[in-house]
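Colleague: I have a model open and would like to go through its contacts with you. Could you take me through them topic by topic?

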Amino acid sequence: MASRKALQPNRVNGDKYSVLLPTYNERENLPLIVWLLVKYFGENGYHYEIIVIDDRSPDGTLEVAEQLQKIYGEDKILLRPREKKLGLGTAYIHGMRHATGNFIIIMDADLSHHPKFIPQFIK
């Protein structure tokens, strides 16, 4: 009988998860949500990318995202900013166009969706 761990989607079977994070004035929340995503995806061996879709936040969110990209790598943190505030729905569509995963997870950057539940969701 196969173990539960062996049945989990991971790098071995090729599954990749694209997390879409639309942002607008999330300078303070972004480092925490990204750290939590990296933690839970990493602990479970999932292949992932985090796509930050910033709508030209006046608080410097994009600059924070650029620093996070330097820390975690361009392969893990993809920046897909837009020219102006265009709304949440179109931000998700924009992110989907850039996603390379075979599964897409949409989240709010304001921590209203906690990343600790992602492994349960995937199972």
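**Salt bridges and ring contacts**

Modeller: Searching the whole structure, which is a predicted model, gives three salt bridges.

Colleague: Which side chain meets Glu49 in a salt bridge?

Modeller: The partner of Glu49 is Lys16, with an N to O distance of 3.4 Å.

Colleague: Are Glu49 and Lys16 buried or exposed?

Modeller: Glu49 is buried, and Lys16 is buried as well.

Colleague: And what does Asp55 meet?

Modeller: The side chain of Asp55 meets that of Arg82 in a salt bridge, at 2.6 Å from N to O. Asp55 sits in the loop between β2 and α3, while Arg82 sits in the loop between β3 and α4, so the pair ties together parts 27 residues apart in sequence.

Colleague: Why does Asp55 count as buried?

Modeller: Asp55 has a relative accessible area of 5%, and buried means under 20%. Arg82 is also buried, with a relative accessible area of 10%.

Colleague: Where do Lys39 and Glu43 lie?

Modeller: Both are in helix α2, four residues apart, which is about one turn of the helix. Lys39 is partly exposed at 27% relative accessibility, and Glu43 is partly exposed at 48%.

Colleague: Lys39 again: over which ring does it lie?

Modeller: Lys39 lies over the face of Tyr40, 5.1 Å from the ring centre. Lys85 likewise lies over the face of Tyr24, at 4.3 Å from the ring centre.

Colleague: Turning to aromatics, how many pairs are there?

Modeller: The count is five aromatic pairs. In one of them, Tyr17 and Tyr46 have ring centres 5.6 Å apart and planes at 70 degrees, so this pair is edge-to-face. The pair links distant parts of the chain, 29 residues apart: Tyr17 is in strand β1 and Tyr46 is in the loop between α2 and β2.

Colleague: What about Phe41 and Tyr46?

Modeller: Their ring centres are 6.2 Å apart and their planes stand at 80 degrees, so that pair is edge-to-face too. Phe41 and Tyr46 are both buried, and Tyr17 is buried.

Colleague: Which residues do ring pairs link into a cluster?

Modeller: The cluster consists of Tyr17, Phe41, Tyr46, Tyr48 and Phe103. Within the sheet, Tyr48 in β2 is the bridge partner of Tyr17.

Colleague: In what order do the strands of that sheet come?

Modeller: The sheet is open, with four strands in the order β3-β2-β1-β4 and parallel pairing. Its edge strands are β3 (77-79) and β4 (103-106), each of which pairs on one side only. From one strand to the next, the twist averages 25 degrees. Strands β1 (residues 16-23) and β2 (residues 47-54) are joined by eight bridges.

Colleague: Which helix lies across β1, β2 and β3?

Modeller: Helix α3, residues 61-72, lies across those strands and runs at about 145 degrees to β3.

Colleague: Last topic: where is His94, and what does it touch?

Modeller: His94 is in helix α4, residues 88-98. Leaving aside residues up to four places away in sequence, His94 touches Ile53, Arg80, Pro81 and Arg82. His94 is buried, its relative accessible area being 19%, where the cut-off is under 20%.

Technical notes
Residues are numbered from 1 along each chain as its sequence is written. Side-chain values use heavy atoms; hydrogens and water are left out. Two strands pair if DSSP finds at least two bridges between them. Helices (H or I, at least four residues) and strands (E, at least two) are DSSP runs, numbered from the N terminus. Axes are lines fitted to C-alpha atoms, for helices over the stretch in contact, and angles run from 0 to 180 degrees between N-to-C directions. Contact means heavy atoms within 4.5 Å. Buried means under 20% relative accessible area, exposed over 50%, partly exposed in between (1.4 Å probe, protein chains only). Rings of Phe, Tyr and Trp (its six-membered ring) pair if their centres lie within 6.5 Å; planes under 30 degrees apart count as stacked, over 60 as edge-to-face and the rest as tilted. A charge sits over a ring if NZ of Lys or CZ of Arg is within 6 Å of the ring centre and within 35 degrees of the ring normal. A salt bridge is a side-chain nitrogen of Lys or Arg within 4 Å of a carboxyl oxygen of Asp or Glu.
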